[in-house]
Amino acid sequence: MSTTSPSRWKTVRSETGRALTALVIALAVALVVILLTSADPGAAFQTLLTAPLSSNRTMGLWIDDVAKLTLTGLAFSLVFQARQFSMGVQGQVYMGGLFAALIAMSPIGATPLAIPVAMLAAMCAGAVYGFIPGYAKARFGASEIVSSLMLNYIAILVVNYLIRAHLAPAGTGQLMTAKFPDTAIFPAILPGTRFDLGIVIALVSALAVWFLLYRTSWGLKLRLVGHNPKFAEYAGIRSSFIMVSAMTVAGAFGGLLGSVFVQGRAFGNLAQNFDGNLAFEGILIAIVARSRPLAVPIVALAYGYLRQGAQLMGIRTDVPTEMISVVQAIIILLVASSFSLPGKKLFARLRGQKSANAATPEAAK
Amino acid sequence: MIELLLTVFSATFFVTVVRTTTPLLFAALGGLISDLSGALNVALEGMMLIAALTAVIVSVYAPWYVAVLSGVAAGAMLGALMAFFHLRLKADIILVGFAVNILATGGTVFALSRATGGDKGTSINLPSKAVPGVDLSFLEAIPAVGPTLKSLLSGHSILSWLGVFMVFAVWYFLFRTPYGLWLRGVGEYPAAPEAAGIPVAKVRAWSLVASGALAGIGGAQLAMFNYIGFTRDMTAGRGFIALGAVLLGARHPVGAMLAALLFGIFEALAIVMPNLFNWIPGEMIQTIPFVVTVLALILFSYRAQRARQMRTLSKI
């Protein structure tokens, strides 16, 4: 980043302010929805806001979510920075999960190599799955949005079929595989909780994506292509190569998320529909983080808290978990748009500042 | 194989194709309008889903046409919401679209569990109504071709007939009215209509509203004819397939219809195939519409790209 430190801090401050304002507005709407639908709104809202801290176990659930949200947020950040709207993270998660599970259930699964090999296999599978829509776009001009979404559905159906017909223990009718051997499951950092290796992988990945984007020439080219494809083309950058490679690398992180899912302590096996729609929530993370890899874990921490609160609210009170999608949509809408509060200009004028504050360039796009 | 051919060339299969095509057709027409105005509507899926649920819930208390209209209104309102955030607040249209999709996947489940008293899966305990079919049994009186005509044409949803009419209506609007010209101009090169005094943002906003309304009819057909009642995630990617149909249909209503028909045929195949080939796993058959969409998209994009290259070459 070539920007000087003070202006960078200003951007960080204003972006944080925007995100927090969006969050407050979204929570206010959530409160209204809860007031309208719940028999005991106070308890429901309190559960939403405080439940994740209520025990070691729930904190483990929260951190587990943060790890996964960070990874999906990173995958989306990479493609958004290249200004590609590849929505294929879900499919990559399924493919990655499948291959990680295949390794974990093979003889390698019982050796100490199980975790690294399975992660590698998952990343390769995800990368291949990310490569397909990228190549289809670069070579044939096929819209990556539609093709990646179609590939998501295909991946889910294929993985569900393989689990049902081949991978589940025969004769039980279960829709999941048997537990992997212990050597193939991530070790817990805090025993008895879901606080496992996943969060470490997520943080290392965030650093790796940051390094790729901001400290390599590939990352510079990628950001250039995302920012101004015509200029990048004039500057001699092969934008189609950058496009495909960005989607492939993002696919690798999607695949890695698949391995974190199936090998994490939450599952330890491969089950049908295991992602619980979490993969798509990376869109929100990436948008709020403005596709900055180092901001992704922080946003994931905050959003994961909210998500876990909603899960617990769904279990402990009469408000369904799905209510949170209202909050998600509002946050995306507000953060993606250049909204300003009605009174903001007036406030700025009162303080004697210039109200013509140039809008910050939308880095998320 | 013979059985498959016999099935495919039967009247029942044709009726199934019409049924599976109708929601795709409406959504594709909606997507076409907003795409021509320069805003790719990726929220067709969410609009259909929300419209489907709205229609089902309203149909419990009101006649079917009120229910369909309320579905249309729900879609149109989502279109207006997208227009507001995209045009007034300058948010990226694709991100806005996905926000609507996220709202739809969770919001419909939330609303469903409110409406049914806790059921998060289906609306099976709500007495919802269906869109009536059009009975054309009088065609049977025609000598020779009568029975065939009847089995082909009778019993389709009113909305299917409306769909055929809408293809014509959208074509007429786009290519024979000044507003259609505005709309295409706004999508093609916004600076020119802007200079000519055409309210660009307004045209885009209305096309998003129209897009939502059309997707809303598709959602109503899905939940009030194809299936009676709402199930969680019942659109199952149809909105995205319709988006593929828009891209495949060469930005023309008739093209969009043909593309929707193509995907409808494969969806119908996925419905009849389990009975014929029970050795093929059901999940694999369900992937057919998605696989066909990807392949068709790639093939068509490739041909379009070739055609562009040829044109450029011939100019030199």
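Predicted model: local features only at pLDDT ≥ 70, side-chain atom pairs only at ≥ 80, totals over all residues.
Q: Which helix gives the most to the side of chain A that touches chain B?
A: Five helices of chain A each supply at least two residues there: α1 (5-37), α5 (114-140), α6 (144-167), α11 (282-288) and α13 (324-336). The one that gives the most supplies 12 residues, and that's α6(A).

Q: By class, how many nonpolar residues are on the side of chain A that touches chain B?
A: Let's start with the others: 10 residues on this side are polar and seven are charged. In contact terms, 46 residues of chain A touch 46 of chain B. On the side of chain A, the nonpolar count is 29.

Q: What share of the area buried between chain A and chain B do carbon and sulfur atoms give?
A: The two chains bury about 4000 Å² between them. Of that area, the part from carbon and sulfur atoms is 77%.

Q: Which residue of chain A meets the side chain of Asp92(B) in a salt bridge?
A: Over all chains, the count comes to nine salt bridges. One pair crosses from the loop between α4 (64-88) and α5 (93-116) of chain B to the loop between α3 and α4 of chain A. Three salt bridges are counted between chain A and chain B. In this one, with N to O at 3.1 Å, the partner of Asp92(B) is Arg83(A).

Q: Which element gives the most to the lining of the largest cavity?
A: The structure holds one cavity of 30 Å³ or more, and the largest has about 30 Å³ of space. Elements giving two or more residues to its lining are α3 (56-81), α4 (89-105) and α10 (239-263) of chain A. With three residues, the top contributor is α10(A).

Q: How many charged residues are in the lining of the largest cavity?
A: Residues lining this cavity include Val79(A), Ser86(A), Gln92(A) and Met247(A). Split by class, the lining has five nonpolar and four polar residues. As for charged ones, there are no charged residues.

Terms used:
Residues numbered from 1 in each chain as written. Chains lettered and ligands numbered in written order. Heavy atoms only, no water. Contact = heavy atoms within 4.5 Å. Buried area = accessible area lost by both parts, 1.4 Å probe. Salt bridge = Lys/Arg side-chain N within 4 Å of Asp/Glu carboxyl O. Helix = DSSP H or I, 4+ residues; strand = E, 2+ residues; numbered from the N terminus. Nonpolar A, V, L, I, M, F, W, Y, C, P; charged D, E, K, R; others polar. 1 Å grid on protein atoms, 1.4 Å probe; cavity = no way out; pocket = protein on both sides within 12 Å on 5 of 7 lines; lining within 4 Å. Points joined across faces, edges and corners; volume = space filled by probe spheres on them.
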